[in-house]
Amino acid sequence: MHFSTLLIEPPGIDSQLLQLMLGPEKFRVRTSECGLKAWNTILTDDVPDLVVMDADLPQQGELQITALQLLEMMNNQAQWSNIPKIILASNSNPSILKISSVASVNAIILKPYDPRRFIQEVYTSLKQHIESHIAEVNRQHIQLGTAFQELIQLSDQSRFNDLKSFFTQLSHMIEKHFDFEEHFMARHNYPDFIDHHDNHKKLLTMVESMKVEMAKSDKAITAERIVKLRTDLFEDVNDDKQYIKFLSSLRSSLVG
Ligand SMILES: [Fe+2]
Ligand SMILES: [Fe+2]
């Protein structure tokens, strides 16, 4: 298992040293040597697990894209905004205060830096990132459970119009939840990703057909159908335990 890392650093001894520290057994490193190349990478490449960026980027021709501009650009893209970022900077960098206030910056390490401190920050940032993903998955499961309870209550009270609109909200919630899990699964090469994705797809088909039925008929769907959907969805939540286990072992691999 590798953590993909985007290293934004001019070529030279620092870049070589950083790549050496990250080590090929745990990290797969892509490099961008200047702001402009990094800008293209952000627009076109897959999202990495971690960004390591030198705040003192060299000027490329007439066009200079600064580290701060790159951070702002990453923050404007949902997929890039919440991945951990570690910034290496010289004390004299005029943007250092602004950079430190960017929410997704996990650490600023001043040059010259201690290699052990650097690798420790990398591990800590990745661990926190995995932990916050697990916490968010759990939070969304609880939220889905509560939404189903409300839906069943509306059905019991024969409040069909409310039930229809609440079911639409729930369907968006389910879609977003599956998306959230799948992006992370794909990025971390979760071994059961294909099966899990297929199961999500089946559930979404079920949700969609219930929505169509509700739109066509005056009557809402029965409580039994809602309970059946809940049971199937919570089987998926049960399968998610395997995924959480996988993430926990990924987290535990970050020692050294
Ligand atoms: Fe889930
Ligand atoms: Fe799932």
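Two strands pair if DSSP finds at least two bridges between them. Helices (H or I, at least four residues) and strands (E, at least two) are DSSP runs, numbered from the N terminus.

## Model and numbering

This is a predicted model, in which local features need pLDDT of at least 70, side-chain atom pairs count only at pLDDT 80 or more, and totals for chains, interfaces and linings use all residues. Residues are numbered from 1 along each chain as its sequence is written, while chains are lettered from A and ligands numbered from 1 in the order in which they are written.

## Overall layout

The protein chain has nine helices and five strands. Read from the N terminus, the order of elements is β-α-β-α-β-α-α-β-α-β-α-α-α-α.

The protein chain is divided into domain 1 (3-113) and domain 2 (131-252); these bounds come from an automatic or database domain assignment. The centres of the two domains, taken over C-alpha atoms, are 36 Å apart. The radius of gyration of the protein chain is 23 Å, whereas a compact globule of 256 residues would have a value near 18 Å. This radius is taken over C-alpha atoms, and the globule rule is 2.2 Å times the number of residues to the power 0.38.

## The sheet

Five strands form an open sheet in the order E2-E1-E3-E4-E5, with parallel pairing. E2 and E5 (105-110) stand at the edges with a single partner strand each, so one side of each has no neighbour in the sheet. On average, neighbouring strands are turned by 20° against each other, direction ignored. Axes here are lines fitted to C-alpha atoms, for helices over the stretch in contact, and angles run from 0 to 180 degrees between N-to-C directions.

Five of the six residues of E1 (residues 3-8) are buried. A residue is buried if 20 or more other C-beta atoms, placed from the backbone, lie within 10 Å of its own; it is exposed if 12 or fewer do, and partly exposed in between.

E1 pairs with E2 (residues 27-32) in the parallel sense over six bridges. Ile8 has Ser32 in E2 as its bridge partner. From E1 the chain crosses through helix H1 (residues 13-22) to E2, a right-handed β-α-β crossover: with the strands pointing away from the viewer, the path from the first strand over the helix to the second runs clockwise. E1 also pairs in the parallel sense with E3 (residues 50-54), over four bridges. Thr5 stands opposite Val29 in E2, and its bridge partner in E3 is Leu50.
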